[in-house]
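Please look over the model shown here. A short report follows it.

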Amino acid sequence: MTKYLVKRAGQALLVLWAAFTAAYILLQAMPGDSILIKFQNPELGLSPEQIAKIREYYDAGGYLHTVLGFLHGDFGYSIDTGTPVVERLAEGLPETARLAACAFVLAVLLAVLIAFGSAYSGRLRGLLLAVPSLFVSVPVFWLGILLIQIFSFRLRLVPVIGGTELQQLVLPVLTLAVPISAPIAQVLARGIDQVLTQPFVPVVAAKGASRSWILWRHVARNALPPTLTVAGLVFGELIAGSVVTETVFGRNGIGRLTEQAVNAQDTPVLLAVVVVAATVFVLVNLLVDVLFPVLDPRLAT
Amino acid sequence: MSSFRPAVVTVAMLAAVGLLTSCGGSGAGAQAASDGEPVYGGTLTYLEHQPPTCLYLPAAGFYPNGGVLNQLTDKLTWQNPETLKIEPWIATKWEINEDATEYTFHLRDGVTFSDGTPLDAEAVAANFDVYGRGDDKLKLPPAEFVNNYERSEVVDARTVRFHFSKPSPGFLQGTSVIGAGLVSKKTIGLPYEEQCQLKNVVGSGPFTVAKQVVDKEIDLQARKDYNWAPPSSTHQGRAYLDLIKIIVTPEDNVRVGALTSGQADYVRYVQAYDEATVKNAGFVVKGEPTRGVNNGLYLRPANSILKDIRVRKALQAGTDAKEVVDTLFTDNYPVATSVLSHLAAGYVDLSDKLVHDPDTANKLLDEAGWTRGADGIREKDGVKLRLGVFVAGPQPLSKQTLELVAQQWTKIGVKLEIRPADSGTQAVDIKDAEKTAVNHSMVGRADQDVIKSQFHTENRDVILSDDKKLDQLLEEESALADETKRNEKVAEIQRYVIDQGYVIPLFEEPQVYGIAPYVHGAAFEAVGRPSFYSVWLSK
Amino acid sequence: MRWLSWAVIALVVLWAAVPSLFTGYDPLDGVPAEKLQGPSAAHLFGTDAVGRDLFARVVHGSVHSLSGALAAVGVGLVLGTLLGLIAGSVRGVVDEIVMRVMDVLLSVPGLLLALTVIILLGPGTVNVAIAVGVGSVASFARLARAEVVRVRRTDYVEAAFGSGGTFAGVLRRHVLPNSLGPVVALAALQFGVAILAISTLGFLGYGAEPPTPEWGLLIAEGRNYLATSWWLTTLPGAVVVAVVLAAGRISKEIR
């Protein structure tokens, strides 16, 4: 087990380093650069010589320098805003973490609702089972804009500007949760089907156990491992979804930071974002891999 | 020479007439300047379209920057937006010598920056030394509103004199623009990248920065001891509002929806198609003119196709600006009748030169040797008549405008290739006349020099000019001390750039704001940036 | 229900192949005086801000959107399957290296990857397709590898090797056909995902060059008119949802 863990951790580090290096090389190859984008604006009236001087000021100093900086937690300066990248990450990470965590919880709730609902609903079953497919077929930005128009502007139920922290979370969380709930619901529904077709079900039922009891007890055990795997994969989607959601709702998280950094080709910020995203991805999958044998005794043996 | 000049009055009258005509559609009746007694206190939520970029003051021309800096800084003089007359502010009076090479300003007493340091002659001199000459060591570029600047002279603590190498008649107006906002000596001594950051901007204005979330929100709080508004303002003392929350909201429909559903009080950049929505909800739409170089397509003579004047003239004749305005815009966007707005200083009506005439366009292109290919697009020596243009992010409905123009040009056999505004390639290609043959832009400023800002090779140089004569004309204009002669020169330049086919003026670009009915005292500087000093709320 | 999915796909393919059969309007040339008209008999989907017929734009746009999505899937399918096949067949160090590279690809969010690729290649329909496709390479590679590993363990492949078949021969004749089913199902699913991804890129400002009537761009640009002209974003949106749903259904059937 320890050997397995060490090996997985080593692989994770390797993936991180490779992601960083690949991103570094790609970002260097981009046409134009953030300095030009920001400072060539005619409103600023800078001469090419002055731009060259500013470029010197921001020069990060090559690959090795950057790697060492990252290892020390020094991610350099954002060229677009002139602030340290660490500051921007510190601002954005908690926002995005909160959004993503709430969205994930809501997605799981939605998934459970859909999956168990379909197990009970009889005639409506087909309809309910079609819901996840519909959920993943709607562009996220479109859903967000629609939700804002309906719930905030027409019905005036929740504000998108001002309002409390909680109010500001409601619509973004819903927007992000809907597409993510779909794959989880599908896996759960499959798990329920498997349980209900197993030979022990009629036996237990004959002993007087209710259908819900059977579902809760056995599905929880049988459907959890695959759900967990999906959850690991879904995490990447949470990050991508937050780019769109935060842009639509004007939230100040990592997603919006990414969108702005891409727009401004703000290399230091993009590098940091790639490293953060890769770290989270690697950690989540490592966690899933470690938890898997614990949850599913069949795999441990 | 005093600040009263006959030409100024002429300009003012012209402007007044213009204001009357342009405000027709902006629901001017709905906005009462002050309903009853102003109330102190309250928070104003203001939604801004884009985040501010760099807050070095001469860069304040960019509207998101100007919206913030206008509240943080005061200027030497105040340009009355209604009369366009220059009035006292931090300078109580001034003298200008005969040929406009020497300006002496007498400063108001007791004005302080928000860091407590005095706003005195030395501070003013330090500001204008940078705005006039730039500072190479600190990487600070000179400001485009100061021409021919030589040096400053601190006469005494409250008197400062500026010397110019050549006449600089535009300087007085230049001291009133947002970019000439005065900052503390400490701020002006910082290198460029640090002056860019909001936290380093220390001014003497009615508001100070309370909180900033980069690219998202800026909170401004009233300065309690502020007591130096322009003397002509009826409101003196501290600002009425306690707090302004400036929230960056890029989505157009969110800004407008938030306003009409009561989540915001004041929004910038209401798109033309949303004006009716805002008005019908009982809100006020304000279209403020920008009085400068019009929104238009600027044709680059350095391009291998556009170097032929016949092609440029053909494109001019083949463009129907009226159709663009009728289709996409509202009464707040008057059809252009020259390269300058009809409210701009020195404007002449050249609408007879700007008639939509596809027949002439076709004839000119035929003459120039461009013949129609099988696909309807003209070609010559195997080269297609294709011209590239970038969608201009800051311009309203730039993409739709370009699509419509492209549709018009198709009829004369020209293909306009529209590229999305992707900043990476754009930053490189926009300076390349081959790749970017056409530039979609405008610039606002209420002085004759605005045309120089747009066209001179040392300024914005939107057409990447290789025309020595144009540069010379512009330099002559910026150094003419006599107002009438200066206006004549501006008229000559307008004719020249249109005759040369350097520009296809489309419309006079306004700044359009949506304002809640309970917001009073909304005011704007001469080119449409909001001032929140006298705003108060009755909700 | 099954025929409906196929009917939707067939219809949009027909739109792409012979657009003139479905609409007489020009998708690029409008009548400015007829701007922003709601859906009617004359204009099924209404008209846009410069007076172009929206239905004509959706029909003519199908070729851009479908080919874009197909190209995206193609990139992922060909590159991913190839890498997966190699990894699964050769095993050993090659397998280890290829799959770690795929891990790296998976670790960077697809959208970020796509954005980076677009900036590198520049905007344009083809480049957007490649950018989206690159994001799906890893999924295809993982799946293909898993399938190959599964098929290789089956008796008849072992037997084929045993009876002296060359490596490439066995791969082509036995491994490839037998592992294709799930890969094709994934391709159908990715097709829908690609259409969504392309529209998201359009929303973020990295879409096709205007005035190309690409679906994603239509939805993205129409959104600003939601309060005044609902049809501009809703109707193209409904078309996209229908196509993506159909692709998902078909993917399930194949699986």
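## Chain A

This is a predicted model. Chain A has 13 helices and 0 strands. Read from the N terminus, its elements run α-α-α-α-α-α-α-α-α-α-α-α-α.

Along the principal axes, the C-alpha atoms of chain A fill a box of roughly 85 × 60 × 30 Å. The chain has 301 residues, and 46% of them count as buried. Among contacts in chain A with a separation of 6 or more, 72% come from residues 24 or more positions apart.

## Where chain A meets chain B

The contact involves 40 residues of chain A and 38 residues of chain B. On the chain A side, the elements that give two or more residues are α2 (34–39), α3 (48–58), α5 (85–120), α7 (140–154) and α11 (254–264). The largest share comes from α7(A), with 5 residues. By type, the chain A side divides into 17 nonpolar, 17 polar and 6 charged residues.

## The open sheet of chain B

In chain B, 7 strands form an open sheet with mixed pairing. Their order is β8-β9-β10-β1-β11-β21-β12. β8 and β12 (284–289) of chain B each have a single partner strand, so one side of each is left without a neighbour in the sheet. From one strand to the next, the twist averages 20°.

Strands β1 (residues 43–48) and β11 (residues 266–268) of chain B run parallel and are joined by 2 bridges. There, Tyr46(B) stands opposite Tyr266(B) of β11(B). Helix α2 (residues 63–72) of chain B packs on the sheet. The helix touches β1, β8, β9, β10, β11 and β21 (510–515) of chain B. Its direction makes about 135° with that of β8(B).

## Strand β9 and its neighbours

β9(B) has an antiparallel partner in strand β8 (residues 207–213) of chain B, over 6 bridges. The hairpin of β8(B) and β9(B) has 3 residues between the strands. Asp215(B) in this hairpin takes a positive phi near 65°. β9(B) also pairs with strand β10 (residues 243–248) of chain B, again in the antiparallel sense, over 5 bridges.

Side chains alternate along β9(B), residues 217–222. Ile218(B), Leu220(B) and Ala222(B) point to one face and are buried.

Terms used: Residues numbered from 1 in each chain as written. Chains lettered and ligands numbered in written order. Predicted model: local features only at pLDDT ≥ 70, side-chain atom pairs only at ≥ 80, totals over all residues. Buried ≥ 20, exposed ≤ 12 C-beta atoms within 10 Å, placed from the backbone. Helix = DSSP H or I, 4+ residues; strand = E, 2+ residues; numbered from the N terminus. Pairing = 2+ DSSP bridges. Contact = placed C-beta atoms within 7 Å. Nonpolar A, V, L, I, M, F, W, Y, C, P; charged D, E, K, R; others polar. Axes fitted to C-alpha atoms, helices over the stretch in contact; angles between N-to-C directions.
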